[in-house]
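Subject: Structure handover

Hi,

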Amino acid sequence: MCAVCGCGEKKSYLGKFGHAPGMNASRMIRIERDILGRNDARARENRSHLDERGIFALNLVSSPGSGKTSLLVRTIEALKERVPIAVIEGDQQTSNDAERIRKTGIQAIQINTGKGCHLDAHMVGDALKKLDLMDRSLLLIENVGNLVCPASFDLGEHRKVVVLSVTEGEDKPLKYPDMFMASSLMLLNKTDLLPYLEFDTGQCIANALEINPDMGVIRTSAKNCDGLSEWVSWIAEKLA
Amino acid sequence: MHELSLAESVLQIVEEHVQECRCVKAIHLEIGEHAGVDRDALKFCLELVCANSIAEGAAIEIAEVAGMAMRVVALEVI
Ligand SMILES: Nc1nc2c(ncn2[C@@H]2O[C@H](COP(=O)(O)OP(=O)(O)OP(=O)(O)O)[C@@H](O)[C@H]2O)c(=O)[nH]1
Ligand SMILES: [Mg+2]
């Protein structure tokens, strides 16, 4: 430890700001740097790479089990004849979800984040290099099931889509506002279960719009395909 | 949940800016209210990662701002 001021250096350092006795008035350095600057720079790189090739990318975010993979499978079935599709799957462990996607005949790559609670732009950038992406295609990214952390990490996608299932309760947009702030669209999923629940759909949507008035809302069921055509048209519009 | 990796990024930024002077007395951060970051957890993690670094013992000042921003705004050095 530095003997003069107790900082972590082994030797005392008498540079121009000085640890010399009597000279250690502190000085402010303004730096204004984004903590996620490195992530955001890579995300911009990813996005411009996608833009150059006319690839439209969505980042699906939600708590675990809301139905992201089930919806993706349905979405792929509905769109795969119209547009080439590739999928990036993020989970802490297993390649279950990528395998479910591959059964539809679409290429999918699994990222395991280990202990990580979100995908980041570097993981997605590396995955982009491994995928054989077609120009003017659709890239679907399923983030790690977590209603908090993925909100902060730009992956280079064009839109975030939050999936909320009706079994989670109508107050979730209020309890986890960051994710709803960051998303352009909410898919309110598992509507086929509504008859068995006390879930106030109107209240849930009002809560979501209170957090983010600009967000679109589509009610879906990956089980009976309700709302699927509206969701598919939402994507198709962006592809056009 | 990922406060430790954020703390590591903060230290990296600090180290990029402070080469000549070896003592960081305070790190001033701005964290958006919707940044998904727990300020106490971030502070705790920063104290951990700053141990044995140029920022050992630095005070961590976190101002809450609107939105989702997370920034290192200033360093106090001697
Ligand atoms: N009834 C009903 N069940 C659904 C619906 N969508 C998904 N499920 C079921 O919900 C469970 C979780 O679905 P997944 O598609 O694996 O959810 P996920 O969001 O991909 O989950 P993680 O990737 O683990 O976060 C499965 O048992 C699905 O069959 C739906 O619309 N209605
Ligand atoms: Mg899944």
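**Ground rules**

This is a predicted model, in which local features need pLDDT of at least 70 and side-chain atom pairs count only at pLDDT 80 or more, while totals for chains, interfaces and linings use all residues. Residues are numbered from 1 along each chain as its sequence is written, chains are lettered from A and ligands numbered from 1 in the order in which they are written, and side-chain values use heavy atoms, with hydrogens and water left out.

**Chain B overall**

Chain B has two helices and three strands. Their order from the N terminus is α-β-α-β-β. Helices (H or I, at least four residues) and strands (E, at least two) are DSSP runs, numbered from the N terminus.

The radius of gyration of chain B is 12 Å, which agrees with the value near 12 Å for a compact globule of 78 residues. That radius is taken over C-alpha atoms, and the globule rule is 2.2 Å times the number of residues to the power 0.38. The C-alpha trace of chain B spans about 35 × 20 × 20 Å along its principal axes.

Of the 78 residues in chain B, 54% count as buried. Buried means under 20% relative accessible area, exposed means over 50%, and partly exposed lies in between (1.4 Å probe, protein chains only). The accessible surface of chain B is about 3300 Å², and carbon and sulfur atoms hold 46% of that area. Areas come from the Shrake-Rupley method with a 1.4 Å probe; for residues, only the protein chains shown count as cover.

A contact means heavy atoms within 4.5 Å.

Chain B carries 5 positive and 14 negative side chains. The centres of the two sets lie 5 Å apart. Lys and Arg count as positive, Asp and Glu as negative; His and the chain ends are not counted. Each charge is placed at NZ of Lys, CZ of Arg, CG of Asp or CD of Glu.

**B:Met70**

B:Met70 sits in strand 3 (residues 70-77) of chain B. Is B:Met70 buried or exposed? At 5% relative accessibility, B:Met70 is buried. Beyond its neighbours within four places in sequence, B:Met70 contacts residues of chain A, including A:Arg33, A:Ile35 and A:Ser152. Its contacts in chain B include B:Leu6, B:Glu30 and B:Val37. B:Phe44 is 26 residues from B:Met70 along the chain, with 17 Å between their C-alpha atoms.

**Salt bridges**

The whole structure has 15 salt bridges over all chains. The criterion is a side-chain nitrogen of Lys or Arg within 4 Å of a carboxyl oxygen of Asp or Glu.

- A:Arg100 and A:Asp97 form a salt bridge at 3.3 Å, N to O. The two are three residues apart in helix 3 (residues 96-102) of chain A, so about one helical turn separates them. A:Arg100 is partly exposed at 36%, whereas A:Asp97 is buried at 10%.
- A:Glu32 and A:Arg30 form a salt bridge, with their closest N and O atoms 3.0 Å apart. A:Glu32 is partly exposed at 43%, and A:Arg30 is exposed at 58%.
- A:Lys175 and A:Asp171 form a salt bridge, with closest N and O atoms 3.0 Å apart. A:Asp171 is partly exposed at 26% relative accessibility.

Salt bridges that share partners also link A:Arg30, A:Glu32, B:Glu30 and B:Arg71 into one network.

**Loops in chain A**

Two residues here have a backbone angle to check. A:Thr94 is not a glycine, yet its phi is positive, about 70°. A:Thr94 lies in the loop between strand 3 (85-91) and helix 3 of chain A, and is partly exposed at 40%. A:Cys225, also not a glycine, has a positive phi of about 70°. A:Cys225 lies in the loop between strand 8 (216-219) and helix 8 (228-239) of chain A, and is partly exposed at 32%.

A:Gln93 is in the loop between strand 3 and helix 3 of chain A. What does A:Gln93 touch, not counting residues up to four places away in sequence? A:Gln93 touches A:Asn112 and A:Gly114. A:Gln93 and A:Val144 are 51 residues apart in sequence, and their C-alpha atoms are 9.8 Å apart.

Best wishes
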